[in-house]
Amino acid sequence: MALDQSFVGCTYPPTAPYEVGREKIREFAEAVGEANPAYTDPEAARAFGHPDVIAPPTFVFSITFRAAGQVVQDPQLGLDYSRVVHGDQKFAYRRPVRAGDRLTVTSTIEGIKSLAGNDILDIRGEVHDEAGEHVVTAWTKLVARAAEEG
């Protein structure tokens, strides 16, 4: 069953703040093979003009994907998460994510379409810091595969 188009434009409440820690950034950078010292060494980050270590660009995915859980778990939307695969991810940064940031995410459904029996859901996550400054926008595309016949 196709997802309800009336959910396009629906915005969910901001998440609780997520505090970005140096160790989380270091672990993520190591896990994805990022060797830039600005991700692991506070002195190197300061030499690059940052107040503390910064996170690799894809770090924010873990925060925004968790926030998108509000959308996928919305019983009124009716998404069958057991059939969902991650289709695409994009980011537009205003500034890097930094250790010590307390970030909230507000998720909005930007699009719903059906293609060959698959439902495609586009979610925009607006990430703000504790002062309300916009840090990054993340777009997540989820594909709910069509149910198998028989």
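The largest cavity in this predicted model has a volume of about 30 Å³. A cavity here is a set of points, on a 1 Å grid over the protein atoms alone, where a 1.4 Å probe fits but cannot get out; points are joined across faces, edges and corners, and the volume is the space filled by probe spheres set on them. The structure holds one cavity of 30 Å³ or more.

Who lines it? Lining residues have an atom within 4 Å of a point, and here they are T64, A68, V105, S107, I123, R124, G125, A138 and T140. The elements giving two or more residues to this lining are α3 (61–72), β3 (102–115), β4 (118–128) and β5 (134–144), where helices (H or I, at least four residues) and strands (E, at least two) are DSSP runs numbered from the N terminus. β4 gives the most, with three residues.

Now for the charged pairs. Residues are numbered from 1 along each chain as its sequence is written, and side-chain values use heavy atoms, with hydrogens and water left out. Local features need pLDDT of at least 70 and side-chain atom pairs count only at pLDDT 80 or more, while totals for chains, interfaces and linings use all residues.

There are 13 salt bridges in the structure, each a side-chain nitrogen of Lys or Arg within 4 Å of a carboxyl oxygen of Asp or Glu. One of them joins R102 and E19 (3.5 Å, N to O). R102 sits in strand β3 and E19 in strand β1 (residues 18–19), so this pair ties together parts that are 83 residues apart in sequence.

R95 is in the loop between β2 (84–93) and β3, and D129 in the loop between β4 and β5, so the pair ties together parts 34 residues apart in sequence. R95 is buried at 8%, and D129 is buried at 12%. Both belong to a network of salt bridges that links R95, D101, D129 and E133.

Technical notes: On a 1 Å grid over the protein atoms alone, a cavity is a set of points where a 1.4 Å probe fits but cannot get out, and a pocket is an open set with protein on both sides within 12 Å along at least five of seven lines; lining residues have an atom within 4 Å of a point. Buried means under 20% relative accessible area, exposed over 50%, partly exposed in between (1.4 Å probe, protein chains only).
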